[in-house]
Amino acid sequence: MYFESFEALLNMSGHGVYVWSSLAVTLAAMLWLVIAPLFKQRALLQEVNRDIQRQQDRELAAKTASLSDSHEESN
Amino acid sequence: MASQAARKMDSGFAAWLRRDLLLAYRRSGEVASPVIFFIMVSTLIPLGLTPEAAQLEKVAAGMIWVMALLATLLSMDGLFTSDYQDGSLEQMLITPQLLPLPLLGKITAHWLTTGLPLTLVSPLLGLMLSLPSVGYLPLVCSLALGTVCLSLVGAVGAALTVSLRKGGLLLSLLVMPFYMPVIIFGTATVSYAVDGLNWLPPLAILGAMFAASVALCPLAAAGALRVTASN
Amino acid sequence: MSWLSDKFSSTLSGGPSKESPSWQWFYRLGSPRWFYQRSGQWLPWLSLVALLVLATGLVWGLAFAPEDAKQGNSFRIIYIHVPAAFLAQSGYFIMAIAGAIGLIWKMKMSYMVMKAAAPIGAVLTFIALFTGAVWGKPTWGAYWVWDARITSMLILLFLYAGVMALQYAYHSVDAASRASAILALVGTVNIPIINKSVDWWYTLHQPATIKLTSAPSMHMDMFMPLLVMIVGFYLFYAVALILHTRNEILRRERKTSWVRELVTAKAGG
C-alpha cells in the first residue's frame, strides 16, 4: 500500500474529504443505476401477472355465466 | 431537361419563400415582436448591471449576442406551427419536390423576417451599450452569418416538436446546446475587433458553420418532419 | 410442384436468417424475446466481472498508486472522473448509433437500447461533473471553474436532457423513438464541433493553468489502475444498459404471449 496506515489512507494528507466524498456520490449514483431497474422490473412483472389474473377471472366469470344461462334455459 | 428540373427545384424553394414572406407581411405585428423584445431586454442590462460605460462596453458584444439568440429562439416556435395546424405542412410533405428545398425556402423567409431585422438594429443596441465603434462592423457581419445558423438549427428543433402542444419550451431545451458554438465565435469576432486583432478568422469559422448548416439542417428538418408531422 | 411451393414458403417464412447464417446473430439480436432470455443468462456473470474489475481498479488507484507530484492525493479522483467522463461521451455515441440502426433497419430492439442509454449516460455525465467540481476545489481553489472540459461535460448533460425530454414528450412510442433518434444523430454531428469550440474559447479567455488529467506525462503506476477503471466502467455500463433495456422490453411487450408465458412460468415454478 502507498499509505503507511489506514488513517493516512482516510486522510490522504488533507485531500481525503474530496476523494472520499466524490467516491461516495459516484458509488451511490452507480448503485442507483443498477438497483432502480431491478425494482422497476419487479413492478412490471407484477403488473403483467395482475393482467393475466384479471383476464382469467373474466374468462371464468363468463364461463360460469354462460353455464348458469344454459342451466336456466333448460329448466 | 436540366433547366426544367432546375425550374422545378427552384419552384419549391421560391414558392415557399414568397408565401411565407407574404404571410409575414400580412402579420407584421408578429414579425416585429422579436425585434422589440431584442431592444427591450437590452434596456434591462444597464438597469440590472450598471449604467457605467466603462463596464458596459466589456459585456456589450456578449449581451447583444445572447439577446439575439433568445429573440431567435422565441420566434422559432412559430416556424411550422401554423402550417401544421392548417394542414399546409402535410401538403408540403406530399409535394413532388425534394422536401429540403421548400424547407430551405421557409427558413430563408424566417431569417429575412427575424435574423435580418435583428442584425440591422444591432448597431443601435451597440450604441446604447457603448460598444467601441470598431466593433460595429464585426458585430453586424457576425450577426448576419450567425443568425442564419440559428434559424437553420432552430428549424430542426421546430420540426422535432411541431406536433407537441407545448413544444416551445422543449424546443429551446433541444436547440440551446447547438447554439453554443455559434455564440462563442460570434462574440469572439467582436471582441477580437475591440482588442485590435484581426477579426476575420472567427468570422470565417462562423462562415464554415453557416455552410455546414445550410447543407445539413434542411435534411435533418425534413427527416424530423416526416416523423413528427404525420403523427 | 409441391416441393417447389414448400421451398418457396420456407424461404418466405424463414426469412434471411435461414439463407445466410452469418447474419443470423443480427436478426436474432433484433428479437426482444431472444435478447431478454439471453441477457438474463449473461447478466449474473457480467455483473460479477464488472464488480471485480471495479473493485480492483478502485483499491489499486486509491490505496496503492503513487500520488501526483503537483496535485497530491486529490489527483486520485482521476480514477472516477476520467472513466465516468469517458463513458458519458461514448454513451452518447452508443445511443446515437442505436438510434441510427433503428432509423435505417426499423429495428424495435435498437430503439429500446437507445431509450435505455439516455438516463445512464446522463447519470454518468453528472458523476463526471460532480467529481470534476470536487476535484477543482483543492486544485483551483473553487468548486466551479469554467474549464473547457467541465463546460463540455455540462453541455453534454444538456444534450442528454434534450433527448430524454423529447423521448417523454411523445405519447406514441414510435414517434418518440424516431424523433429522439434524429435528435441524437444531430447531437453526434455537433459534439465534436461543440468540444472544439469550447476548447478554443477556453484558450482565448484563460492561459493554460494546471490541467486536470494531464495524461501524456502520466507514470505507468498511475496509468494502469486508470485503464482498469475504464474497463470496469465499460463493463458496468453494459450491465446497466442491459438492465434498463430489459425493462423497456417488458414495458413494450407486456401484451405479448411470450412475456405472459414468462410470468406464468415464474409464478408456477
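I take a salt bridge to be a side-chain nitrogen of Lys or Arg within 4 Å of a carboxyl oxygen of Asp or Glu. The model is predicted: local features need pLDDT of at least 70, side-chain atom pairs count only at pLDDT 80 or more, and totals for chains, interfaces and linings use all residues. Residues are numbered from 1 along each chain as its sequence is written, chains are lettered from A in the order in which they are written, and side-chain values use heavy atoms, with hydrogens and water left out.

**Entry 1: salt bridges**

I looked up Lys106(B) and found a salt bridge to Asp20(B), with 2.9 Å between the closest N and O atoms. Lys106(B) sits in helix α6 of chain B and Asp20(B) in helix α1 (residues 2-26), 86 residues apart. I use helices as DSSP runs (H or I, at least four residues), numbered from the N terminus. Both Lys106(B) and Asp20(B) are buried; buried means under 20% relative accessible area, exposed over 50%, and partly exposed in between (1.4 Å probe, protein chains only). Salt bridges with shared partners join Arg19(B), Asp20(B), Asp83(B) and Lys106(B) into one network.

Arg254(C) counts as partly exposed because its relative accessibility is 27%, and Glu47(A) is partly exposed at 31%.

Lys255(C) forms a salt bridge with Asp51(A), at 3.9 Å between the closest N and O atoms. Lys255(C) lies in the loop between α9 and α10 of chain C and Asp51(A) in helix α2 of chain A, so the pair joins two chains. Lys255(C) is exposed at 61%, whereas Asp51(A) is buried at 18%.

**Entry 2: His110(B)**

I found His110(B) in helix α6 (residues 100-128) of chain B. His110(B) counts as buried because its relative accessibility is 8%. Its side chain makes a polar contact with the side chain of Ser75(B) at 3.1 Å. For a polar contact I require a pair of N or O atoms within 3.5 Å; within protein, one must be able to donate a hydrogen and the other to accept it, and residues adjacent in sequence count only if both atoms are side-chain atoms. Leaving out residues up to four places away in sequence, His110(B) touches several residues, including Thr72(B), Met76(B) and Leu79(B); contact means heavy atoms within 4.5 Å.

**Entry 3: chain C against chain B**

Chain C and chain B bury about 2100 Å² between them, 84% of it on carbon and sulfur atoms. Buried area is the accessible area (1.4 Å probe) that two parts lose on being put together, summed over both. Tyr170(C), Ile182(C) and Trp200(C) lose the most area in chain C to chain B, together 26% of what that side buries. Helix α8(C) gives the most to the side of chain C that touches chain B, with 16 residues.

I then looked up Gly187(C), which is found in helix α8 (residues 173-205) of chain C. Gly187(C) counts as buried because its relative accessibility is 0%. Not counting residues up to four places away in sequence, Gly187(C) touches Phe178(B) and Tyr92(C).
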